[in-house]
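Dear colleague,

I am handing over the structure below, and I would be glad if you could look through it before reading my notes.

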Amino acid sequence: MNISEKKMTIKVPGKLFFAGEYSVTKEGNLALITTIETNFEVRISATTGKSIFKTNVGLSDFEFSLSKIEFTKENPWNFALTALKNTLSAADSIEKNSVSKILSSSPEISLEIVSDLGFGENKKGYGSSASVVCGLVNAVNQFFDFQLSLEKRFEIAAKTHFEVQGSGSMGDIAAIMYGGSVFYQNHKRVIPLEIPWATYVVQTGKAAKTSEKIKIKLSYEFYQASNELVIELATAIDIQDFALFKEKLSENQLLLLENIPEGYMTKELAIALNLLNSYPEFAAKISGAGFGENIILFAQNTQAIAEVQNKLSEYGINLEKFKVAQKNN
């Protein structure tokens, strides 16, 4: 197909941490993360005139030239522009690709981000900035047929996210880029996991700014205990021992409650956790940094789901099933 006629849509998942959230911000430490299918899309096509970014989440359109991408750190499109620039640069460094030649014979592009993950105070806590970065890297790679490997695309996305945000573990990037569920070691490795139980998300409707929370200082003993629990949880998943998984997930939750400052456990999170974990067939834990947002729920069987949905709805708390996103290649 002539590139001037090319158009494509890339679907991008969100993420939910379920162990190791605070510990994994340190290099070498561990976390468990799963992806959640969403309606987040990156649409890319050739266009006439200048290249343009568009979205449905309240940002103004931004025009630029592919041959000279210029922007400041204050630009609200910073994540997307940096992802685009770094993908082009990485592709150009590979001998078989000549980006300057590709761009000289190509039209400009339209990149549209369509998101249901919310924005600002209305965000859902599924890693919207990581979805933007991974979606842009994958869309540009596929559109221009750069044939960058999954490992290289992860490297580009992780570099981009850290460059813009200045902090973080890149665990959300690892999960969203690789898909499925992952055992992640910061700066070291990404290992796929297969979760054998049904998965649900409990939404409290309160957004939290993760980048501010992960700066909390924690002890060496906390990091050591967190890493041990991540390994034990991964083992429980591998051998499909739900009772052991529930026990270790509860221990991980208690470790966080004992070490994270007041406010980590909101009233809504406490209500939902206490209810869900009173059922032996359910294992629930706050997902991510806490201070609002979500709980992830694993169900060995689902007979009582409708019952707890009704009880939670009385407090304005939503429980819904989600699909783990497919693995990428």
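A residue is called buried when its relative accessible area is under 20%, exposed when it is over 50%, and partly exposed in between, using a 1.4 Å probe and protein chains only. Please keep in mind that this is a predicted model, in which local features need pLDDT of at least 70 and side-chain atom pairs count only at pLDDT 80 or more, while totals for chains, interfaces and linings use all residues. Residues are numbered from 1 along each chain as its sequence is written, and side-chain values use heavy atoms, with hydrogens and water left out.

Let me begin with the salt bridges, where a salt bridge is a side-chain nitrogen of Lys or Arg within 4 Å of a carboxyl oxygen of Asp or Glu. The structure holds 10 salt bridges. In one of them, glutamate 21 pairs with lysine 285, with 2.5 Å between the closest N and O atoms. Because glutamate 21 sits in the loop between β1 and β2 while lysine 285 belongs to strand β9 (residues 282-286), the pair ties together parts that are 264 residues apart in sequence. Here helices (H or I, at least four residues) and strands (E, at least two) are DSSP runs, numbered from the N terminus. Glutamate 21 is buried at a relative accessible area of 7%, and lysine 285 is buried at 0%.

Lysine 68 and glutamate 70 also form a salt bridge, at 3.7 Å from N to O; lysine 68 is exposed at 56% relative accessibility, and glutamate 70 is exposed at 54%. Elsewhere, a network of salt bridges links Glu232, Glu247, Lys248 and Glu251.

At least two lining residues come from each of β1 (7-19), β2 (30-47) and α3 (128-143), and α3 gives the largest share, 5 residues.

With best wishes
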